[in-house]
Amino acid sequence: MTITISNFLDLVTFLCLQIQAGMEVKALPPRISYFPNFITAEEEEFLMRKVYDAPKIKWTQLSNRRLQNWGGLPHSKGMIQEPLPTWLQSFMDRITESTGAFTATTQPNHCLVNEYRPGQGIMPHEDGNMFYPTVSTITLGSHTVLDFYKHINDEDCDTLSVEDRHIGSVLLERRSLVLVQDSMYKTHLHGIKEVACDTLSQSIANLDHTEHSLGDQLPRDTRVSLTIRHVNKTTNISKSISLFGKHKK
Ligand SMILES: O=C(O)CCC(=O)C(=O)O
């Protein structure tokens, strides 16, 4: 087969559409990748509508935020896999296809939706070994600042305050995708401060890849995040019913 210039240009256009521009945040340990404008404004509006159209029972209210689980409830003994709605599956497929962050056997099978009002956040924590060690998060509605900390188990860290263990932060703009992998997943903690406004300091490691500048003050609006992961151990409802049956004997 001969390849004409026109075929070749079509192929280049096709590949450019498939591979979204993400950049590794080099100022932090491996590996954080940041994809500004991973989704369009129309897609953001669509996803927000789907989240807020969910029945009330889908929401779990915590003291400092509320959340929805899609795909099941992750559990160390195994998640009973529930079908994912097509509106969500298509974005999960896009992450798999365009970032290469998941493998054929570790495709994302769970999405945690978190809603944060201004002033709400999440304490520094690790996601642990219930998940394949890659987190992908789409940010809707408002920016936030995701902070990273050395793990308390690190040498010399047990006596340090949380702030002294802070190693840097990433600005997550609306419509962006962030991937947290490798040592940033396995040996660091992440969290979001409970503030209503963020002042962008030198500690924002991806500032060059955002629309903002040092010193900008960004008031927070309501942010909805889609945290998309692969739960390692899953089971389906019929298997769990038969297990339950065995226990009862
Ligand atoms: O909302 C986010 O971006 C972070 C959520 C998170 O860390 C979690 O749910 O474990």
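The following conversation goes through a predicted model of a protein with a ligand.

Student: Before we start, what kind of model is this, and how are residues numbered?
Tutor: It is a predicted model, in which local features need pLDDT of at least 70, side-chain atom pairs count only at pLDDT 80 or more, and totals for chains, interfaces and linings use all residues. Residues are numbered from 1 along each chain as its sequence is written.

Student: How many helices and strands are there in the protein?
Tutor: The protein has five helices and 16 strands. These are DSSP runs numbered from the N terminus, helices being H or I with at least four residues and strands E with at least two.

Student: What share of the residues is buried?
Tutor: Of the 249 residues, 30% count as buried. A residue is buried if 20 or more other C-beta atoms lie within 10 Å of its own, exposed if 12 or fewer, and partly exposed in between, with C-beta atoms placed from the backbone.

Student: Which strands form the open sheet, and in what order?
Tutor: Eight strands form it, in the order E1-E2-E11-E8-E15-E6-E4-E3, with antiparallel pairing. Two strands pair if DSSP finds at least two bridges between them. Strand E1 (23-24) and strand E3 (59-61) are the edge strands, each pairing on one side only.

Student: How many bridges join E8 and E15?
Tutor: Strand E8, residues 134-140, pairs with E15 in the antiparallel sense over five bridges. Within this pairing, Thr-137 stands opposite Thr-227 in E15.

Student: Which helix lies across E8 and E15?
Tutor: Helix H2 (residues 41-53) does, and it also lies across strand E4 (66-70) and E6. Helix H2 runs at about 95° to E8. Axes are lines fitted to C-alpha atoms, for helices over the stretch in contact (C-beta atoms, placed from the backbone, within 7 Å), and angles run from 0 to 180 degrees between N-to-C directions.

Student: Now the ligand. Which residues are around it?
Tutor: They are Leu-112, Asn-114, Ile-122, Asp-127, Thr-137, Leu-146, His-190, Ser-225 and Thr-227. Near here means that the C-beta atom, placed from the backbone, lies within 6 Å of the molecule.

Student: Why is E12 described as largely enclosed?
Tutor: Strand E12 (residues 188-192) is largely enclosed by the rest of the structure because four of its five residues are buried. Strand E9 (residues 144-150) pairs with E12 in the antiparallel sense over four bridges, and Tyr-149 stands opposite Leu-189 in E12. Strand E7 (residues 122-125) and E12 are also antiparallel, over two bridges, with Ile-122 opposite Ile-192 in E12.

Student: Changing topic, where is the cis peptide bond?
Tutor: A cis peptide bond joins Pro-30 and Arg-31, with omega about 0°. Arg-31 lies in the loop between E1 and strand E2 (32-35).

Student: What is the phi of Arg-175, and is that residue buried or exposed?
Tutor: Arg-175 is not a glycine, and its phi is positive, near 75°. Arg-175 sits in the loop between strand E10 (166-172) and strand E11 (177-181), and it counts as buried because it has 20 C-beta neighbours inside 10 Å.

Student: And what about Asp-182?
Tutor: Asp-182, also not a glycine, has a positive phi of about 50°. Its place is in helix H4 (residues 182-186), and with 15 C-beta neighbours inside 10 Å it counts as partly exposed.

Key
Contact = placed C-beta atoms within 7 Å.
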